[in-house]
Amino acid sequence: IDIREQRRADGADTGDERRTFANGVWPDKIRREREAQGRICLTINKSRTITRQVANELRLQPPAISVSPSEDGDVAVAAVIEGLIRSIEQRSKAKRVYARAGEDAARGNMGFWRVTTDYLSPESFDQEILIKPILNPLSVLYDPAAQDSTCRDARFCFVYDDMPREEFLRRFKGKAETPFYAEGSTYCDGEWVTDNTIRLAEYWRVEEKAKKLLQFNNGGACW
């Protein structure tokens, strides 16, 4: 399945909205023809003002993760967990990350960030949890069969990045520069390996394992 073709069919962001936001509504071919004829290509872009308003509101009142205990939960434990999350947000400068994702969503219906880990320093084996931005929302390709608006029911996800060729050769010395081609796709051919960049893709998938749930006569249960 070509995920981006499916995204276009579903009316989701494929990059067209972002190009329109940046360059106006005129297609490149028509724009060039009109410019060659000395005719103007007038664009009155009202979306930029609205997008800036949304982004500025996020910067003034950024979202934050909160932890609430359930009915039988421990309030003190919830407060400790929320404090740990707040520390992660501060180290990650999460306000900027959230604002960037919100601006991307206002421009093209989608914005992403990721929760990941990284080493404290090049000399340490200790790791810390960080919230990092995904600068290109179009690089995130979720399972097109996902029904939830947040894609939390997705069965798989791709996240790709175009790395400069010199950096790829330095980091992955001896690895083959193999292009990827999906038969019938209008996107993949020629994008994975270019003169200047090589595309790397992360592949995340959900793996299920069958377990038997047992219920006892006293009402208890266990796997």
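## Salt bridges, a helix and a surface patch

L42 is exposed, with a relative accessible area of 60%; exposed means over 50%, buried under 20%, and partly exposed in between (1.4 Å probe, protein chains only). This is a predicted model, in which local features need pLDDT of at least 70, side-chain atom pairs count only at pLDDT 80 or more, and totals for chains, interfaces and linings use all residues. Residues are numbered from 1 along each chain as its sequence is written, and side-chain values use heavy atoms, leaving out hydrogens and water.

The whole structure holds twelve salt bridges, a salt bridge being a side-chain nitrogen of Lys or Arg within 4 Å of a carboxyl oxygen of Asp or Glu. The table gives some of them.

| Pair | N to O distance |
|---|---|
| E89 and R86 | 2.9 Å |
| E128 and R91 | 3.1 Å |
| D118 and K132 | 3.6 Å |

E89 and R86 are three residues apart in helix α5 (residues 75-92), which separates them by about one helical turn. Helices (H or I, at least four residues) and strands (E, at least two) are DSSP runs, numbered from the N terminus. E89 is buried at 7% relative accessible area, whereas R86 is partly exposed at 27%. Both belong to a network of salt bridges that links E82, R86 and E89.

The bridge between E128 and R91 has a 3.1 Å N to O distance. E128 lies in strand β2 (residues 127-133) and R91 in helix α5, so this pair ties together parts that are 37 residues apart in sequence. R91 is partly exposed, with 40% relative accessibility.
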